[in-house]
Every structure is written in structure tokens, then in C-alpha cells.
4 protein chains.
Amino acid sequence: MVKVGIIGGTGYTGSELLRLLLRHPEAEVTAITSRAETGKPVAALFPSLRGHTNLVFSDPSDEQALAGCDVVFSATPNGVAATHAPALLRRGVRLIDIAADFRLQDIAVWERWYGMKHPCPELVADAVYGLPEVHRERIRKARLVANPGCYPTAVQLGFLPVIEAGLADPGTLVASAVSGLSGAGRGAHVPMLFCEASESVRAYNVSGHRHRPEIAQGLSAAAGGPLDLVFVPHVAPLIRGMHATLTLRLLRSDLDIQALYEERYRSEPFVDVLPAGAHPDTRMVRGTNVCHIALHQPLPDRLVVLVTIDNLVKGASGQAVQNFNLMCGFPETLGLADIALFP
Amino acid sequence: MVKVGIIGGTGYTGSELLRLLLRHPEAEVTAITSRAETGKPVAALFPSLRGHTNLVFSDPSDEQALAGCDVVFSATPNGVAATHAPALLRRGVRLIDIAADFRLQDIAVWERWYGMKHPCPELVADAVYGLPEVHRERIRKARLVANPGCYPTAVQLGFLPVIEAGLADPGTLVASAVSGLSGAGRGAHVPMLFCEASESVRAYNVSGHRHRPEIAQGLSAAAGGPLDLVFVPHVAPLIRGMHATLTLRLLRSDLDIQALYEERYRSEPFVDVLPAGAHPDTRMVRGTNVCHIALHQPLPDRLVVLVTIDNLVKGASGQAVQNFNLMCGFPETLGLADIALFP
Amino acid sequence: MVKVGIIGGTGYTGSELLRLLLRHPEAEVTAITSRAETGKPVAALFPSLRGHTNLVFSDPSDEQALAGCDVVFSATPNGVAATHAPALLRRGVRLIDIAADFRLQDIAVWERWYGMKHPCPELVADAVYGLPEVHRERIRKARLVANPGCYPTAVQLGFLPVIEAGLADPGTLVASAVSGLSGAGRGAHVPMLFCEASESVRAYNVSGHRHRPEIAQGLSAAAGGPLDLVFVPHVAPLIRGMHATLTLRLLRSDLDIQALYEERYRSEPFVDVLPAGAHPDTRMVRGTNVCHIALHQPLPDRLVVLVTIDNLVKGASGQAVQNFNLMCGFPETLGLADIALFP
Amino acid sequence: MVKVGIIGGTGYTGSELLRLLLRHPEAEVTAITSRAETGKPVAALFPSLRGHTNLVFSDPSDEQALAGCDVVFSATPNGVAATHAPALLRRGVRLIDIAADFRLQDIAVWERWYGMKHPCPELVADAVYGLPEVHRERIRKARLVANPGCYPTAVQLGFLPVIEAGLADPGTLVASAVSGLSGAGRGAHVPMLFCEASESVRAYNVSGHRHRPEIAQGLSAAAGGPLDLVFVPHVAPLIRGMHATLTLRLLRSDLDIQALYEERYRSEPFVDVLPAGAHPDTRMVRGTNVCHIALHQPLPDRLVVLVTIDNLVKGASGQAVQNFNLMCGFPETLGLADIALFP
């Protein structure tokens with residue numbers, strides 16, 4: 001059994017890690033921290049875990065518990081994992097950060113978008129971006145994994161095959177995406193109240209969202225040169241689920257794009273290219289690590305890619321467990337075979 | 001008082017017409033038809049109307065009741081209004097069709113998209129497209145008004161100023177829109193069940209939606225030449241509300257687009273250009289005839305227009321009442337001054 | 001025009017008062033206070049009010065603005081209205097408190113349930129409980145009205161006829177009620193987040209809810225002697241709406257209870273006894289001041305009363321406007337004739 | 001591996017059976033029938049099952065496939081299982097009926113409530129009522145199990161300890177319960193549309209619901225004499241979840257009811273009595289076979305029992321799998337250890 005620790009266990013990515021790891025056949029969660037809930041049984045905070053664990057929240061400043069782990073997941077706000085990283089890595093603990101501290105290789109860009117000085121810039125070059133469909137081999141050996149954001153996961157998986165194939169007109173990328181509200185975390189903010197968020201749809205951060213440079217970094221690498229996009233995130237009244245609608249102009253309209261995508265993801269355990277003409281529904285991947293992709297060409301030279309994931313699973317904690325499996329040499333799907341909760 | 005009739009009063013656009021017209025100070029609803037509910041009191045079907053009306057559903061084949069009206073609204077499935085139109089117009093009754101029978105001027109295009117032979121093509125040229133922000137003067141005198149679809153209302157209002165000004169790169173228009181579920185009507189279909197539609201988001205008809213030629217017709221007229229777009233409709237779990245996210249490349253990036261939109265809609269009673277940087281929320285126009293528009297330029301030469309309407313009001317029955325006011329010479333906002341139900 | 005002030009205009013009862021009063025033909029809102037939003041235009045906080053008002057939030061400590069009003073509504077947390085009441089009444093301003101400060105005549109009971117010393121116990125005896133169906137004549141002349149709570153409104157209206165008639169076995173009253181989440185107000189609390197409250201139902205405060213003594217006070221008065229009940233409040237994932245399910249054992253099972261209720265509420269403009277066998281739906285009164293009641297006798301000697309209201313209207317701000325109309329000698333339904341927003 | 005068949009695999013209890021059985025380590029689903037979808041791959045109807053099964057729906061009239069099974073689950077409308085039962089049992093196939101055909105021992109009562117002649121009354125006496133907390137030993141040997149209804153499961157589990165202990169005043173039982181909409185099944189009916197069911201709460205069948213005689217049968221057996229109750233079912237806008245609020249008068253108020261319940265359910269793997277003062281939340285058991293129970297005494301002699309289950313799991317398909325485990329001699333929790341999907 002691999003000893004696992006979780007920093008910041010009271011938010012949605014933390015509780016989702018618990019849901020996945022407490023039933024993982026090769027993981028044993030031995031430490032979970034929370035500043036606010038230190039000393040409280042985890043199952044008292046999450047009655048859904050009654051009978052599944054006797055864990056008690058420990059103080060994050062007590063580094064002993066975490067230091068005894070083989071792998072630590074950080075499910076904290078941005079900027080926190082980076083303060084834990086040096087000490088943990090020094091002791092040989094491998095770290096998977098579900099927040100954004102190590103996602104951007106350009107530290108100046110990171111500091112501009114995240115509005116703070118980077119706590120340990122010296123580790124950034126060492127971090128592996130945890131999108132297994134791109135960096136699988138490097139993840140296996142990584143000691144520090146930067147788990148991708150939810151939007152970047154969906155948008156990159158949708159754009160990658162056509163960009164890697166050099167078929168996208170670079171100035172025409174548009175990503176309009178809708179997220180469930182759990183993407184905003186468990187903080188008590190008025191706009192996230194049921195009475196504010198139910199029965200409504202709105203875009204946010206249209207002039208600039210932190211996930212845009214992360215997406216651009218990934219797409220640029222795939223294109224072999226700088227690439228940018230228009231990225232419009234929205235929230236709709238659902239708890240879990242993310243739907244990305246990607247459009248671009250094709251440089252050639254005589255190719256079989258459906259076959260291109262099927263080929264690109266043929267061996268991927270968690271990316272499922274739906275039959276031509278399909279419209280994926282976010283609920284069909286709810287609670288699972290699966291990404292559904294469907295392709296349409298409403299005009300001959302325009303491609304529309306529809307992508308769905310569960311923002312808390314493939315968009316966060318599930319992908320982190322996928323990375324964990326890779327890092328530990330386990331089958332990549334271990335503990336991630338849930339069937340979506342339908343209806 | 002103007003005598004008003006409603007054909008097809010049991011769906012959502014029909015009941016919304018009742019909500020608006022039963023309190024309209026210059027309208028008297030004297031006839032409402034329903035094949036399935038003939039003889040039943042309207043308030044027995046809609047308990048929300050108890051105490052507001054004693055109307056009883058009459059048989060649509062009894063043309064007497066409708067013939068005695070000054071204005072008739074048709075809130076039926078596509079293809080029905082066109083079977084009533086000739087007789088009603090002959091008797092001098094003016095007709096507002098909330099469905100699609102008279103929206104497309106090109107009859108061949110209509111017949112391809114709607115999959116039927118047009119029941120009275122001879123009246124199509126005579127019909128006025130009921131978007132007051134474009135055709136106000138013609139609507140005043142119209143005897144037959146084709147009330148716009150919900151998506152075409154939102155998408156055209158959002159694109160028009162920049163297209164009329166000749167600033168849009170014509171091959172770059174993308175409209176990604178999210179509708180509340182009432183847009184699908186009151187028919188009993190499995191995908192519209194609460195258990196299927198709640199907690200999910202999906203796109204539909206991406207390869208071709210009937211509203212695309214309607215939008216293209218309007219935008220082409222504004223551009224003075226043929227114009228097409230990528231149009232991706234989605235449904236999200238809310239009853240009412242429509243959010244359109246429009247993107248395009250600007251031919252010039254040195255102009256004040258915010259001022260352009262404010263100027264274009266300065267005198268419009270129902271189009272409200274929000275302050276720069278705003279993100280409209282569909283609930284803020286719920287139950288009202290108002291359209292909120294906000295503008296963003298995430299890249300210097302890219303424009304993102306956010307548009308919100310209530311799909312049943314400005315996107316259907318409210319706009320029909322606005323057209324009714326114009327046709328009757330009433331103040332355009334009469335009976336349409338409701339404040340949105342918040343929260 | 002009657003000059004109206006609102007203390008605490010940023011919560012849900014405050015914004016609902018604005019929705020109702022800004023369109024009220026005899027009211028002019030001249031002052032609205034908010035400590036946190038002083039100086040901010042009301043329409044900047046509530047985009048739904050753009051175009052409907054130019055009001056600006058003023059500081060609640062500036063008593064001048066409120067002192068110039070004829071009637072002031074207090075839409076603040078419990079304990080605040082009572083600090084404003086003495087000064088306002090002294091200046092001849094009439095006060096309607098939507099919170100609980102003056103609802104309980106027994107000050108010791110109030111202090112126990114509300115956990116504070118009553119700020120002005122000397123005014124309590126003077127306050128009139130604002131349930132027009134019981135205290136209409138006293139409300140007309142009141143200078144201080146204690147607007148009932150949402151649960152007490154629904155539960156009392158449902159129980160009153162059978163209790164006034166002496167037909168209820170006093171030890172058998174059970175009220176199980178479900179509220180929409182707006183009843184909890186606009187405070188940012190984790191359990192009210194969309195992700196916590198959606199897709200779930202739960203009871204709360206089963207061992208004791210502040211509305212129980214308020215209900216007991218009203219029912220005891222109707223019974224002519226002390227009466228208590230089991231009261232179980234629940235929340236379900238809807239914004240607005242309250243459904244109370246009342247059960248009791250009848251002392252006689254040979255009477256026409258349907259007729260009894262219809263007779264009791266025959267002249268009430270806002271209480272509508274539905275036909276025998278009906279099941280009211282909260283959405284059918286959404287946004288309105290109407291109370292729907294339906295009666296069932298599943299066993300010969302057991303009565304089940306189903307009651308629906310909109311918790312923010314008849315359960316709060318709408319009833320306050322109804323009281324305002326009575327106090328000012330206006331028709332009781334003035335400004336309260338909205339039709340429910342369906343669907 | 002036990003060979004398993006499912007009759008009627010396209011509704012919500014059928015798809016939930018698939019979710020549970022496809023991952024069950026000792027079950028192999030070898031046949032699934034659907035009249036409407038014969039020949040269609042199961043994963044084409046339920047994209048959530050892509051990659052989890054290659055099953056194809058077969059015709060229910062082809063009895064060969066089912067006859068080759070060891071155990072068949074029937075997830076059909078009422079009256080269908082009883083037409084399959086005789087032939088299946090004759091061939092030695094054991095049958096678990098998730099519908100109501102074999103739940104009531106009194107055939108006359110069954111025929112009155114279900115409005116049809118019973119198709120095989122001769123098997124009724126042989127059927128075992130599948131509530132393991134009451135009939136565990138008989139279920140182990142049963143060849144025909146009548147799986148309980150969702151309301152009867154929640155209401156009986158909540159009432160049983162206090163009734164078995166002889167502490168309930170028999171004329172005071174009231175059960176007010178709220179169900180998620182999946183309880184109504186997947187049929188396309190207008191009241192179950194999102195636009196009709198969202199943002200609303202209503203009671204239904206208050207004068208008589210089919211689950212009342214089923215509950216009364218179970219409680220009477222526990223009491224050792226006839227017992228009836230007031231039962232008021234409601235629907236609220238959630239997909240899954242059931243919350244029952246039970247009230248009764250205690251014959252003695254000096255006993256430790258919390259201890260009584262804890263003792264009664266001490267060895268039950270799926271009934272969890274929460275700490276005193278708790279309020280269970282339906283989402284905390286979503287997707288699981290767990291029943292949460294909490295106890296309150298708001299007045300000294302009144303007991304309020306709060307019960308939550310997932311109506312599709314412990315209230316239907318999960319309990320069926322629990323019965324399957326008992327019948328096959330497997331650990332009772334096999335394949336039922338999921339953690340609730342939170343949030």
C-alpha cells in the first residue's frame with residue numbers, strides 16, 4: 001500500500017480525493033490536514049464518509065504526518081502547495097498539486113495572473129504538467145506534478161488532435177465553456193448561493209481568466225509555436241460537469257477529422273471519441289474520469305468540437321489519481337472505474 | 001380595448017401571452033383555442049390564472065371567435081399559423097405568428113429546414129419580421145408579423161451594431177448560446193424530463209439548427225450581402241433564460257465599440273447596453289422584455305458580445321406584445337414594465 | 001403618494017419590497033438604507049432594477065431620510081428594527097417590521113428564542129400582528145405592525161378555520177413544511193451554496209425553531225386556550241416557495257370541512273381554497289401574494305391541509321405591502337395583482 | 001459468477017441495476033430485455049455505460065435468455081413481473097421483483113390499489129418481502145422476493161424500532177415524505193418535465209397512495225395488530241433522494257429512544273443511526289444503499305424520526321442487490337460499498 005497524504009481536505013477537490021482514494025486498492029490515506037478543522041473526524045464534516053474512514057484532520061503546520069507519506073496531494077488554494085513543496089520533496093515525498101502553483105513554466109506570466117510572488121520558482125522547471133494524454137512518460141518519473149485546471153483539461157483535449165496535425169487556422173480558435181458550480185470551490189460567497197446561481201447562466205472573467213495562459217501554453221507546445229485563443233468561461237446551475245464548445249477554421253476541409261480524433265485517442269483509457277453526430281451530455285460522465293468528445297462541421301471549413309468532463313474528476317481529483325497511478329506504476333485506471341451516476 | 005385572440009393557448013408561449021395580455025390595459029382576450037382542452041376553463045389548466053380570467057378554451061376550428069378579434073396571436077407549432085392566416089387576414093384580422101411560418105423570405109429555404117410544403121407561400125412576402133429594433137416602422141403598419149425566434153432575437157441584437165458598421169470580419173462569426181428548457185416547449189419528451197435535463201449541459205443540433213438561416217437572413221440584410229455563422233445552441237438546467245456568447249474578429253481595433261453599441265441602442269426601450277466590463281446574468285431579465293448586452297475585447301482585434309434575454313418574453317411572447325403595441329399605436333412598453341423576479 | 005422608506009435594502013426581503021413598491025401606484029420610495037452599500041446606486045447592486053429607479057443606498061444611522069417618510073419598512077436581521085422603532089414612532093412615522101422583533105407578545109419567550117435582550121419591550125404591547133386574515137381592523141389603525149414569519153403565515157392560515165371552529169383535537173397538530181432557500185436570506189453561508197443545497201432535502205431545527213412559539217401564539221388565540229404543535233421545517237432546492245402539510249385529528253368527522261374553509265376565506269382577496277381533491281404547487285403562487293389551500297381526509301377523522309405561499313411575498317414583503325395598503329386606506333390588493341411567473 | 005437477467009432495462013431502476021451489477025464481482029449480466037429497444041446496444045441508450053458493457057437488449061418474449069439465468073431482476077411496470085414469474089420459477093430461476101406485484105399478501109387489497117386482476121395470485125404467499133432488516137433469514141432461501149417500495153423502505157425503517165418496542169400510540173402515526181423525481185420513473189409525462197417540476201414542491205395522492213397499504217402491512221406485523229397511518233408523499237426538485245419525516249406520540253416519555261434505535265440497528269450494514277441532534281441530508285446517501293436515521297423529541301411525548309435514503313438504491317435497485325447477495329450467500333455489502341457522490 002502506498003501511504004498518501006492530503007493537504008487541505010475540506011474543499012471539493014479534497015473531499016473528491018477522499019472519495020476516490022478511500023476505495024483505491026493500493027492507496028492508504030494516512031494524513032489529511034485542515035487548519036480550520038484540526039482534530040475533527042473527517043466523517044463528522046462529511047457524513048457521506050461515515051463508515052468509510054476514521055481519519056482525523058491534522059494541523060497543516062505539523063509536517064511530520066505528511067513527511068511520512070510516499071505521495072502527497074495538495075488540494076489547497078493557489079500559492080499554498082508551493083510553500084510545502086521544498087520540504088516535502090527534500091524528504092523524498094512526491095507531490096501532486098491540484099492547484100495552479102506549478103502549471104505555468106513562465107514565472108513572470110504566473111505572477112501576473114496569480115497576483116503574487118511565486119513562493120519557490122526554483123522548482124517550476126522540475127514540475128511535470130499532469131495531462132497524461134500528452135506527458136504520460138514524464139509523469140511516471142515525476143516527483144512534482146502540476147495537475148491541470150478543469151478548463152485547460154477539457155479545452156486542450158478537444159483542440160490537441162487538430163492542432164498537432166497542423167490543421168487549425170491559428171487565429172480562429174474560440175473556446176466557450178460552461179462549468180458546474182463546484183468549480184468555484186466551497187468558499188461562502190454570495191454569487192455561489194443557491195438563490196443567486198440557480199435559474200441563471202452567466203459568463204465571467206471574459207476579459208481574462210487564469211486558465212487562458214495555461215491553455216495557450218499547452219496549445220503552443222502542440223503547435224510548435226505561439227498560439228492564443230478567445231476563451232469564454234460560463235457558469236450554469238449544475239453542481240458537477242463541464243462542457244466546452246470549441247470552434248476553429250480548418251486549413252483543409254478534405255480530411256476525415258473524426259478518424260483523426262479516433263486515431264489520436266485510440267489507446268487512451270479516459271478519452272472517448274463519440275460516434276459522428278453525437279452531442280455529449282455532461283451527466284454521462286458525472287463522477288467519472290472520462291472525457292467525451294464529439295465532432296461537427298456545420299460549415300465545410302469549420303470544426304466544432306464538443307467536450308465534456310466532470311470538473312471535479314477528470315478536471316481535478318480524478319486526473320490527480322490517474323497521475324498517482326502513473327507515478328506508482330499501477331494500472332492507469334486503478335480505482336477510477338466508476339460508472340456515472342445516471343440519472 | 002383591442003379584442004385579442006390566441007390560437008394554441010396551452011403551451012409555454014401561450015400561457016406567457018396570457019400572463020402579459022390579461023394585465024395589459026388596452027387588450028381584452030376574447031378567445032383562446034386549444035384542440036385538446038376545448039371547453040375547459042383556462043384557470044383549471046393554469047392554476048396561476050385563478051382569479052385573473054374566466055376564459056374557456058374554444059375549438060380552433062370554430063373560426064367565428066377568432067374572426068371577431070382585432071388581433072390574433074398564434075402560439076402553435078410550426079405550420080399551423082399559416083393555415084389560419086389567409087382566412088383571418090381576409091376578414092381584416094391582424095396576425096402575429098410566434099412560430100416560424102413567416103420568418104424566412106426564401107420559401108425554398110423554409111421548406112428545407114422545416115420539412116414541409118409551405119401552406120400559404122403567397123403571404124410570405126407580405127409578412128414583416130417582428131424585430132422592432134430593425135423593422136419598427138414596417139411593423140406599425142403590418143397586418144402579418146413574423147415574430148422572431150428566441151436565438152435569432154438574442155444573436156441579431158448582439159451582432160447588429162458591429163455588422164451594420166461594417167466592422168466584422170465576415171468569416172469569423174461564432175454564436176454559442178445557452179437556452180433554458182422552456183424553449184423546447186411543453187411537449188412530453190424524455191430528454192426534457194427533470195431527471196434527464198437537471199444537473200447537465202449539452203449542445204444540440206450543432207450540424208444545423210433552424211434558427212441559423214433566420215439569423216443569417218437578418219445579418220445578411222444588415223451587412224448588405226450574404227453572411228453566415230457558426231451557431232451552437234445548448235440547453236442548461238434552468239426554466240427561463242437565454243445567454244448568447246458571440247465572438248468575431250474586428251476589421252479595425254481602434255474604435256470604441258462600447259460607444260458604438262450605446263449609440264445604436266440609445267432610444268431602444270428594451271435593449272440595455274451594460275457598463276463596460278459587465279457580465280449579464282439571465283436571471284436579471286427573467287420575466288421581462290429586456291435584453292442586456294455587454295462587450296469585451298479579450299484580444300485587441302476580437303470582440304465578445306454577451307447577450308441575455310428571457311426566451312419566453314423578449315424571445316417570444318413579450319416581443320409579440322411589443323409588436324402588438326406598435327401595430328395598435330400604443331406606447332411600445334405598455335404592459336411590459338415588469339421588474340424581474342429576483343431572486 | 002405615500003413616502004416610503006426601507007431599512008436594510010440589500011437582502012431578499014428588501015429587494016422584494018423594491019420590486020413591489022417601485023411599481024405601486026400610491027407609494028414613492030424615498031429612502032433606502034444599507035450600511036455596507038452606502039452611496040451605491042440601488043440598480044448597481046440589483047441589475048434587475050436598471051431603468052426602474054435612481055435610488056442610492058443611504059447610511060442607516062442618518063435618521064433624517066427615514067424621518068421624512070410616512071411609512072418605513074424594516075427588512076433587517078432580528079433586533080435591528082427595535083432599535084429604530086422608538087425614534088421613528090415618536091416622529092409619527094409608521095413602521096412595518098418584516099423581521100421578528102415585535103411578533104411575540106411574551107417578552108420572556110421572545111428573549112429566550114431570539115437569544116438577546118429585547119431592545120424596546122415597552123412597544124411590544126402596542127404592535128399589531130400583521131396577519132390581515134385575523135387582525136385586519138387593528139392593522140388599519142396600527143402605527144407599528146409586526147409582519148408575520150413565512151412559516152407562521154402558511155401554518156396559521158391552514159389551521160385557523162378548523163381551530164376557530166373547535167374541531168381540532170388539540171394534542172394532534174403536526175406541521176411539516178418545506179421552504180425554498182430564499183427563506184434563509186442572502187448571507188454567505190456554506191450550507192446555502194448551490195453545491196450544498198441543490199439535489200438535496202433536509203429538515204432543520206427540528207428540536208426547536210423560532211417560528212414555533214409564533215405559530216403557537218396565534219393558534220392559542222384562535223382556540224381560546226394554550227395550544228402547541230409539532231413543527232418540522234425543511235429546505236428543498238428551490239429559490240422561492242413554501243409548502244406546509246398540516247395534519248390533525250378531527251373531533252368530529254361528519255362535517256363538511258371543505259365548506260368550512262371556503263366560508264372562512266370567502267372574502268379574503270389573497271386566500272384561495274382550491275377545489276376538493278386538489279394538490280397545490282408552490283410555483284402556481286410564485287411571485288404573488290396568494291395563498292393556496294387544499295383539504296384532504298385520508299382517514300375519516302384525519303384532516304390534511306396543504307398550504308402554499310411564496311415565502312418572499314405572502315410570507316414576507318408582499319404581506320407587508322398588504323398591511324401597508326390597509327394602514328393607508330388603499331384597496332388591499334393595490335400593487336399586488338401580479339400573475340405568477342409560469343413556467 | 002452468478003448469471004443474472006434483467007427484465008425491463010430502460011427505466012431508472014433498470015439502469016441503476018446495470019450500474020450496480022456491471023461492477024459486482026460475483027454477478028454476470030447475461031440478458032437484459034426491452035420491448036422498445038430490442039437489438040440496440042445498451043451503451044447506445046446509456047452513454048454512461050460506454051466501455052462497461054457490450055450487452056444488447058433482447059426481446060422480453062424470448063424466454064430462452066432469461067431461462068438461462070440463475071437470478072432475474074424485474075424492473076418493469078406493475079403487473080409485468082407476475083406474468084413472467086410462473087415460467088421462470090418453474091425452470092428454477094429465482095426472481096426479484098422491484099415493482100409491486102408480490103408486495104401485498106392480501107390479494108383483494110392489491111387488486112383494489114393496483115386496479116387490475118392479479119396475474120398469478122397463487123405465488124403471492126410464497127413471496128418474501130425483501131426488507132432485509134426484517135426478513136433477512138427468509139430472504140436467504142427465497143425463490144421469489146418482493147422488493148419493497150421506496151417510501152415503504154424509508155417509513156418502515158424509521159418507525160420499526162419504536163413500534164416493535166410497543167412505544168407508539170397507534171392512532172398518531174404521521175409520515176410526511178419528500179421524493180426526488182426519479183421515483184416517478186422515466187415515462188414522458190408533462191408534470192415530470194423540468195419546466196414543470198423545477199422550482200416547485202407539491203404533495204400528491206394525499207387521499208390515497210399505493211404505498212400506504214404496503215407500509216401498514218409491515219407496521220401491523222411489527223405491532224402485532226392492525227395499524228394505519230397518515231401518509232403524505234411530496235415531490236421536490238431533485239433527481240435522487242428521499243426524506244421521510246415521521247411523527248408519533250410516545251406512550252412513555254422516560255425512555256432513551258436514541259439508544260433503542262442504535263441497539264435495533266447495531267448490526268445492520270446499511271442502517272446508520274446518526275448522533276443525537278443530527279439532521280440527515282439526502283445528498284449524503286446519494287448513490288449508496290445507506291439509510292440515515294435521526295431522532296428528535298420536540299415535545300416530551302412526541303417523537304420525530306428523520307429518515308433519508310436514495311430512492312433508486314436502498315429504495316429500489318440497491319436493496320434488490322442486497323437481497324441478491326443474501327439469496328446467493330455472498331457478503332451482504334458486496335458491490336454496494338460506493339461512497340456518496342459529494343457534492
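User: What helices and strands does chain A have?

Analyst: Chain A holds eleven helices and 13 strands. Helices (H or I, at least four residues) and strands (E, at least two) are DSSP runs numbered from the N terminus. Keep in mind that this is a predicted model, where local features need pLDDT of at least 70, side-chain atom pairs count only at pLDDT 80 or more, and totals for chains, interfaces and linings use all residues. Residues are numbered from 1 along each chain as its sequence is written, while chains are lettered from A and ligands numbered from 1 in the order in which they are written.

User: How do I read the radius of gyration of chain A?

Analyst: The radius of gyration is taken over C-alpha atoms, and the globule rule is 2.2 Å times the number of residues to the power 0.38. For 343 residues a compact globule would come near 20 Å, and chain A agrees, with 20 Å. Its C-alpha atoms fill a box of roughly 60 × 45 × 40 Å along the principal axes.

User: What share of the residues of chain A count as buried?

Analyst: A residue is buried if 20 or more other C-beta atoms, placed from the backbone, lie within 10 Å of its own. In chain A, 60% of the 343 residues count as buried.

User: In what order do the strands of the open sheet in chain D run?

Analyst: Strands of a sheet pair through backbone hydrogen bonds, either parallel or antiparallel. Here two strands pair if DSSP finds at least two bridges between them. Seven strands of chain D follow the order β8-β9-β7-β10-β13-β12-β11, with mixed pairing. The edge strands of chain D, each pairing on one side only, are β8 (202–203) and β11 (271–273). In chain D, β8 and β9 (residues 230–235) are antiparallel over two bridges, and R202(D) stands opposite V235(D) in β9(D).

User: Which strands does helix α10 of chain D touch?

Analyst: Contact means that C-beta atoms, placed from the backbone, lie within 7 Å. Helix α10 (residues 257–264) of chain D packs on the sheet and touches β11, β12 and β13 of chain D.

User: How many residues do chains C and B bring to their contact?

Analyst: Chain C gives 23 residues and chain B gives 23 residues. The largest share of the chain C side, three residues, comes from helix α1 (residues 12–21) of chain C.

User: What rotation superposes chain A on chain B?

Analyst: Copies are superposed by least squares on the C-alpha atoms of residues with pLDDT of at least 70 in both. A rotation of 180° with 0.0 Å of shift along its axis does this (RMSD 0.0 Å). That is the relation of a two-fold axis.

Notes. Buried ≥ 20, exposed ≤ 12 C-beta atoms within 10 Å, placed from the backbone. Contact = placed C-beta atoms within 7 Å. Axes fitted to C-alpha atoms, helices over the stretch in contact; angles between N-to-C directions.
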